[in-house]
Amino acid sequence: MSPGSQDQPDDAMVDLLVKQVTEGLSPAEQRALDVLDSALASEHLREFERAAAAITLAAPVQALPPSLRARLEEQAQIHAASATHVQALRATGTAAAEARRVSRSASAGWFAAAACLLLALFGWFRSPPSSVAPTADVHVTAPPPATMPPLPAPKEPPTAAEERAALLAKAESRKITLGATKDPAAAGVTGDVVWDPATQTGFLHFVGLAPNDPQVHQYQLWIFDGGRDKRYPVDGGVFNVPANAGEVVIPIHAELPIVKLAAVAVTIEKPGGVVVSSRDHVIVLGTAG
Amino acid sequence: MRECIDQYGALVWSLARRLSRTPSDAEDATQEIFLDIWRSAGRFDATQGSDKVFVAMIARRRLIDRLRKTTSEPAMAPVEVLESVAWSDPGTASETSPEAAQAARALRELRPEQRQVLELGLLHGLSQSEIAARLGMPLGTVKSFMRRGLIKVREFLNVDAKSVSERV
């Protein structure tokens, strides 16, 4: 459990690590930590994180509110239906080894089950085997047959515009037209959102949105969910518009599952976005049906 | 996944409630944390600690990220309303996880003001500067208390881990 290295971090590193696990680091502090011995830092960071977590476990807990529990169950259903394939693809070859380690712990049954699910999905996505590159946990590869036909040229992945067009063609997708506000930055902007509630995927589409300097500000998408308090829209992520872009299509990555898409808005925020928008610069707005 | 909510819902919610500015913020944070847990389940390694520590680590990372995004906003709660935490005794904490019991033992060996610094920082989400202002303590002392407290708990955890590995 203890760091394997005999090297001990110096005071400066310990101060940064303690701050990281208690309140997080500023960008300047993060840069200062990055230039130190990264292996030693990550070794000790995990130890401090574990100590901080253990301390929080020694404090009393309060019951989960029933309404939140219901939302979590809804979220679990959506996640199980649409998002686990992403995990499976990310799991790559290390999933097998990790899942085997998981199975050692009888006290962590849920994690074992989840890891098995990852493995099962991973296996499913790898079929047919001949079309997928071997991953780290595959140690035996059959030699190719002597008369193997030439492989077709790999297809280019679809562009965001093509994916949006495909989504738009699906009967279950929903489209919301966006209207420009009176904000000066909104002049001449038109756009829409295409959203698939089943897969929780969607795209923003704009014409005329001004390019931004990501060091100065970024655009941020907000999604209003009919099942949630409208004062707290879901963060749809930040995005940039490059110079001379003309028409832009941006994939949507909602931080939380959207039960019922009610409205969307785009604001201008500081780089990296905000948790709660002041709504000083709302650029476009659109409501469902 | 329901079983996961049963097992860790109260833990995640309690952490989120303490380290979020509003109840609504805590609810959003709880949802984000459960997504993180589901996505990270494959990385759980029982040889590195209990499932509850794994979940608490994921939760704390997410909550600290969220807090840092809102550092320009007013403090999450007036300091007067922060209630002192009744730490579990080691026997009770052992029902939660072995690490909780070891942390409870380590906390007992700390001076009250050291425990208070850990409590304000780890359970109430105050920054070191905020703790210094609240307790009227030099910032260097707060840093030192925080550091020594975490190192003390870390030592207890490592001793426990060593004794476990020796038994195996």
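In this predicted model, the largest nonpolar core has 64 residues, of which A:Ala54, B:Val12, B:Ala16 and B:Ala103 touch the most other members. H3(B) gives the largest share of this core, with 9 residues. Beyond its neighbours within four places in sequence, B:Val12 is in contact with B:Thr30, B:Ile33, B:Phe34, B:Val55 and B:Ala59. Another core, of 28 residues, lies apart from the largest one; among its residues are A:Ile176, A:Leu221, A:Ile223 and A:Val234. In soluble globular proteins, nonpolar side chains tend to be buried together.

The contact between the chains involves 58 residues of chain A and 72 residues of chain B. On the side of chain B that touches chain A, at least two residues each come from helices H1 (2-18), H2 (23-40), H3 (51-69), H4 (90-96), H5 (98-108), H6 (112-123) and H8 (139-167). That side of chain B has 34 nonpolar, 20 charged and 18 polar residues.

Two packed helices are described by the angle between their axes and the distance between the axes. The table gives these values for two helix pairs that join the chains.

| Helix pair | Angle between axes | Distance between axes |
|---|---|---|
| H3(A) and H3(B) | about 105° | 9 Å |
| H3(A) and H6(B) | roughly 95° | within 10 Å |

What is the orientation of H3(A) to H3(B)? Angles of 65 to 115 degrees count as roughly perpendicular, and with an angle of about 105° H3(A) is therefore roughly perpendicular to H3(B). From H3(A), which covers residues 38-57 of chain A, the residues A:Glu49, A:Arg50, A:Ala52, A:Ala53, A:Ala54, A:Thr56 and A:Leu57 meet B:Lys52, B:Val53, B:Ala56, B:Met57 and B:Arg60 in H3(B). By class, the residues of this contact of H3(A) with H3(B) are 7 nonpolar, 4 charged and 1 polar.

The axes of H3(A) and H6(B) cross at roughly 95°, which makes H3(A) roughly perpendicular to H6(B) as well. Here A:Ala52, A:Ile55 and A:Thr56 in H3(A) meet B:Leu118, B:Leu122 and B:Leu123 in H6(B). The contact of H3(A) with H6(B) has 5 nonpolar residues, 1 polar residue and no charged ones. A:Ala52 and A:Thr56 of H3(A) take part in both helix contacts.

H3 of chain A also holds A:His44. Is A:His44 buried or exposed? A residue is buried if 20 or more other C-beta atoms lie within 10 Å of its own; A:His44 has 22 other C-beta atoms within 10 Å, so A:His44 is buried. The C-alpha atoms of A:His44 and A:Val14 are separated by 8.3 Å, although these residues are 30 residues apart along the chain.

H1(A) takes in residues 11-22 of chain A. At 1.5 Å a residue, the 12 residues of H1(A) should span 16 Å, and because the end C-alpha atoms are 16 Å apart, the two values agree. Within H1(A), the residues A:Leu17, A:Val18, A:Lys19, A:Gln20, A:Val21 and A:Thr22 are buried.

Chain A as a whole has 8 helices and 8 strands. Of its 289 residues, 30% are buried. Among contacts in chain A between residues at least 6 apart in sequence, 63% join residues at least 24 apart.

Conventions. Residues are numbered from 1 along each chain as its sequence is written. Chains are lettered from A and ligands numbered from 1 in the order in which they are written. This is a predicted model: local features need pLDDT of at least 70, side-chain atom pairs count only at pLDDT 80 or more; totals for chains, interfaces and linings use all residues. Two residues are in contact if their C-beta atoms, placed from the backbone, lie within 7 Å. Helices (H or I, at least four residues) and strands (E, at least two) are DSSP runs, numbered from the N terminus. Ala, Val, Leu, Ile, Met, Phe, Trp, Tyr, Cys and Pro count as nonpolar, Asp, Glu, Lys and Arg as charged, and the others, Gly among them, as polar. Axes are lines fitted to C-alpha atoms, for helices over the stretch in contact, and angles run from 0 to 180 degrees between N-to-C directions. Angles under 35 degrees count as roughly parallel, over 145 as roughly antiparallel, 65 to 115 as roughly perpendicular and the rest as oblique. The expected span of a helix is 1.5 Å times one less than its number of residues. A residue is buried if 20 or more other C-beta atoms lie within 10 Å of its own, exposed if 12 or fewer, and partly exposed in between; C-beta atoms are placed from the backbone. A nonpolar core is a set of buried Ala, Val, Leu, Ile, Met, Phe, Trp, Tyr and Cys residues joined through C-beta atoms within 7 Å.
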